[in-house]
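Hi everyone, thanks for coming. Please have a look at the structure on the screen, and I'll walk you through a few parts of it.

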Amino acid sequence: MPQPILVSVEAGVQIITLNRPERLNAFNLEMHGLLREALARAEDDDAIRAVLLTGAGRGFCAGQDLSERDMSGDAAFDLSVTIGTHYNPLVRHMRALPKPIVCAVNGVAAGAGANVALACDLVLAARSASFIQAFARIGLVPDSGGTWVLPRLAGRARALGLALLGDKLGAEDAASWGLIWKVVDDDKLIAEAGALARGLAAGPTRAYGLIKRALDASATNSLDAQLDLERDLQREAGFTADYREGVAAFVQKRKAQFKGK
Ligand code: T3D
């Protein structure tokens, strides 16, 4: 049986490919487990300094594998179990990972698949890709952080439109609405996302982790609290070898050689 995710490491980038193309890479339990392991390795292994997430085949990810939900009997599903055990820890881990995650959305991203993509740090989408908050189509509520991230990125009106209607949002609109970083021609997506991830993997990893923390905290902090946090994080950044290298390289008019320390 093919592995439901493929993981490799190249030039400091951990490449994770969701690999159930015949199901548009929908999440099953095995995929959740392997993804969790991959992210744990990305966190622990100093040789990994960025993550690139993408999908095999024509889709990025169609969310929960609905064929795992057998509706033939009367049994009720307590969906808080999978959300609490798999999706929430996944999104929390991605947001808290102290290394940047680039997402290459190669095709349709639906349901939790859309919101997992939006939980990444730099999202590139192929021009033909799309995002669908498919939940209401099957009587559910957006999960995996969708109700948090959508109004913050796109505003309430657009978030409600996406969530209530479950319409397909094309990559160009997703970019112009501020949901993603940029749109790339289909045949250039992987090369461009890979180059971006390799650039990040050669960057000041500790500072990147602190930047993620600062921006995530800003969603709930007052300006006062955020200023204090920036002071504390800058203190931490100022103690890194990469800060010393960055300033030395600037003064010596050369390219910085960051080590991620
Ligand atoms: O249950 C819980 O634990 C709660 C958690 C919920 C999180 C969620 O993500 S809920 C939302 C689940 N996802 C969806 O509702 C999306 C379902 N898929 C679609 O609406 C469509 O497939 C797409 C709009 C994404 C793409 O449409 P299209 O026409 O390009 O492709 P298709 O023909 O529908 O799909 C291709 C194949 O993938 C097809 O299989 P087949 O007929 O060729 O054997 C289809 O059944 C399969 N597939 C697509 N999505 C899923 C799926 N199989 C299982 N689960 C899926 N989510």
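A word on the ground rules. This is a predicted model, in which local features need pLDDT of at least 70 and side-chain atom pairs count only at pLDDT 80 or more, while totals for chains, interfaces and linings use all residues. Residues are numbered from 1 along each chain as its sequence is written, and side-chain values use heavy atoms, with hydrogens and water left out.

Let's begin with the ligand.

Helices (H or I, at least four residues) and strands (E, at least two) are DSSP runs, numbered from the N terminus.

Now some N and O atom pairs. The side chain of Arg58 has an N or O atom 2.9 Å from an oxygen atom of the ligand. From the backbone, an N or O atom of Gln64 is 2.8 Å from a ligand nitrogen atom, and one of Ala112 is 2.9 Å from a ligand oxygen atom. Taken alone, the ligand exposes 1000 Å², and the protein buries 68% of that (areas by the Shrake-Rupley method with a 1.4 Å probe; for residues, only the protein chains shown count as cover).

On to helix H10, residues 241-251. Which of its residues are buried? Asp242, Glu245 and Ala249 are, where buried means under 20% relative accessible area, exposed over 50%, and partly exposed in between (1.4 Å probe, protein chains only). These three cover an arc of only 60° around the axis, so they sit on the same side of H10; the arc is that of the directions from the helix axis to the C-beta atoms. The buried residues pack against helix H8 (205-218), with contact meaning heavy atoms within 4.5 Å. Turned away from that side are the exposed Arg244, Phe250 and Val251.

Finally, the backbone. Most residues other than glycine have a negative phi. Lys253, in the segment after H10, has a positive phi of about 55°. Lys253 is also exposed, with a relative accessible area of 78%. Leu24, in the loop between strand S2 (13-18) and helix H1 (29-44), has a positive phi too, near 50°.

Key: Polar contact = N/O pair within 3.5 Å; in protein donor to acceptor, adjacent residues only side chain to side chain.
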